[in-house]
Amino acid sequence: MKKVLVVGAGFSGAVVARELAEFGCKVRVIDEREHVGGNCHTQRDTDTDIMVHTYGPHIFNTSIARVWEYVNKYGEWMPYVNRVKAAISSGVYSLPINLHTINQFFKTNLNPTEAQKYIASIASKKYPSPANFEEQALSMIGEELYEAFFKEYTKKQWGCLPTALSASILKRLPVRFDYNDNYYNSIWQAIPKEGYTKIVENILHHENVAVQLNSAYEQDTNSQYDLVIYTGPIDRYFDHCFGKLGYRTVYWEKHYGRGDIQGTAVINYTSSAPLFTRVHEHKHFAPWETHDSSVVFTEFSKETSSGDIPYYPKRLPHDMEILAKYQQEAAKQDKVRFVGRLATYRYLNMDAIISEALNFSDSAKLMLS
């Protein structure tokens, strides 16, 4: 049997491990944390029994049939529509920006056609090819909406001026001219009934898979395996020899209360004050459950330092220069392959992670044949 080492027990590592185990490989999965699931880890709060998204909220959404069919093999998924709210000085609004947001913000009663014309009239014409986040926002929605919902929030979240960020970040967020306040456009949107960690545990449950937690990766063990799949940070693999890639990380203040504290799962705080970016009330991520108490996480964003978990790749120009050097070194590796968001230094949704892991597994099977 071919021997495979998978470094990391998040979705990328788990999917590859399962696929290669079913192919007939002997797979060892290691993770430095005490649980599987990576940043998608969920667990019951000991005081309230509420399922908590330990590292921040994750709402699974996809239009990729293969991915949806795959995850449904490993647990029950409950339909869930993500309806994000934004709190600014004048009130609470729906995101992404939609007809309700527009009419509420401008105190109008526009129909879809009128709203589309109005937004086009206030959108900036200065940037036919927006070069950064701010230019993209001004070109899409104009100055007032940009300053109310994105400018200060972006500074808090990313720790830099919006002009330093890629225009592609905002392109992911639609502007709608109807009353649809569903944050996503994906065909399938859901949260696992028993949490994401249970899904990953089920994926890893195979006689050819051995999982070791609280285990650090040592490169000198590579020689013991026919293939090594590395899903950790690519700069860490090379001991940061070209420098560290830039990430933002997040942390939370935890609060308890009775009843329903904020009335929804997520509220974004888009002004410069308060300093936090979002508030999550976790009971609302499982509306099929009933809880008398509640647990709330207030989220703060900061630059990643030693010991922090990297969340959001900044991908500023100097980051991309460093990344190119690491990618050149990665291409020289004989039996090591780099898979997933950290190993490729990209922000990826869960469905993209799973899709890429399945596609990689297809090619790995040919490699190991």
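**Notebook: strands, helices and cores**

I began at β7 and found that a hairpin of 2 residues joins it to β8. Helices (H or I, at least four residues) and strands (E, at least two) are DSSP runs numbered from the N terminus, and two strands count as paired if DSSP finds at least two bridges between them. The model is predicted: local features need pLDDT of at least 70, side-chain atom pairs count only at pLDDT 80 or more, and totals for chains, interfaces and linings use all residues. Residues are numbered from 1 along each chain as its sequence is written, and side-chain values use heavy atoms, with hydrogens and water left out.

**β7 and its partners**

I looked up the pairing of β7 with β8 (residues 91-95): they run antiparallel, joined by 5 bridges. Val84 stands opposite Leu95 in β8. I then checked β13 (residues 266-269), which runs parallel to β7 and is joined to it by 3 bridges. Here Ala87 has Tyr269 as its bridge partner. Of the 5 residues of β7 (residues 84-88), 4 are buried, so the strand is largely enclosed by the rest of the structure. Buried means under 20% relative accessible area (1.4 Å probe, protein chains only).

**The open sheet**

I read the strand order of the open sheet of 5 strands as β10-β2-β1-β11-β17, with parallel pairing. I noted 3 bridges between β11 (residues 227-230) and β17, with Val228 opposite Val336. Helix α1 (residues 11-23) packs on the sheet and touches β1 (3-7), β2 (26-30), β10 and β11; contact means heavy atoms within 4.5 Å. The direction of α1 makes about 165° with that of β2. Axes are lines fitted to C-alpha atoms, for helices over the stretch in contact, and angles run from 0 to 180 degrees between N-to-C directions. Helix α11 (residues 350-368) lies across β1, β11 and β17, at about 165° to β11.

**Cores**

I looked up the largest nonpolar core and found 81 residues, with Phe11, Leu20, Val27 and Phe149 having the most contacts inside it. Such a core is a set of buried Ala, Val, Leu, Ile, Met, Phe, Trp, Tyr and Cys residues joined through side-chain atoms within 4.5 Å. Helix α5 (residues 133-158) gives the most to this core, with 10 residues. Apart from it lies another core of 21 residues, including Val228 and Tyr326.

How values were computed:
Buried means under 20% relative accessible area, exposed over 50%, partly exposed in between (1.4 Å probe, protein chains only).
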